[in-house]
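Colleague: Please put the model up, and then we can go through it.

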Amino acid sequence: MDYKEVDLRFLKIFDNIDNIMSNEFYKDKGQLLKVREIFEQWYEEFKLKKTLKTISVKELEYLDLEITDIFDMYISTEPVKSNYAERLLFNLDILKEMWKEEMLGGKINVK
């Protein structure tokens, strides 16, 4: 796993959440404060332990649902230049793949 890439994904996720929270276009921000709090906890654990294995499946599922809800709500109307919901989901998907790869010991195609 590339630790710099994981670090970058977390920073991009924080940036996208902050942009959504501060942008008036996004009216229903749902549980983004809770979502950010969970990501912050994961990021602190990652910085300390240099692993994604501390991420719980339950929290991962929760974040996936919350972020997908925001994505679904705004994908058709979100301006192309500020598509923060789409970027947030994209970065979460990459982080999930990195988590999965680490959990499976590098066996990406195992189902």
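Modeller: A polar contact is a pair of N or O atoms within 3.5 Å; within protein, one must be able to donate a hydrogen and the other to accept it, and residues adjacent in sequence count only if both atoms are side-chain atoms. This is a predicted model, in which local features need pLDDT of at least 70 and side-chain atom pairs pLDDT 80 or more, while totals for chains, interfaces and linings use all residues. Residues are numbered from 1 along each chain as its sequence is written, and side-chain values use heavy atoms, without hydrogens and water.

Colleague: Which backbone oxygen lies 3.2 Å from a polar atom of the side chain of Lys29?

Modeller: Lys29 sits in the loop between H1 and H2, helices being DSSP runs of H or I of at least four residues, numbered from the N terminus. Lys29 is buried without a salt bridge; buried means under 20% relative accessible area with a 1.4 Å probe, protein chains only, and a salt bridge puts a side-chain nitrogen of Lys or Arg within 4 Å of a carboxyl oxygen of Asp or Glu. Glu24, the nearest side chain of opposite charge, is 8.1 Å away, with Lys and Arg counted as positive, Asp and Glu as negative, and His and the chain ends not counted. The backbone oxygen at 3.2 Å belongs to Tyr26.

Colleague: Which helices do the buried residues of H4 pack against?

Modeller: H4 covers residues 84-103, and its buried residues include Leu88, Leu92, Leu95 and Trp99. Taking contact as heavy atoms within 4.5 Å, they pack against H1 (3-22), H2 (32-49) and H3 (57-74).

Key
Helices (H or I, at least four residues) and strands (E, at least two) are DSSP runs, numbered from the N terminus. The expected span of a helix is 1.5 Å times one less than its number of residues. Buried means under 20% relative accessible area, exposed over 50%, partly exposed in between (1.4 Å probe, protein chains only).
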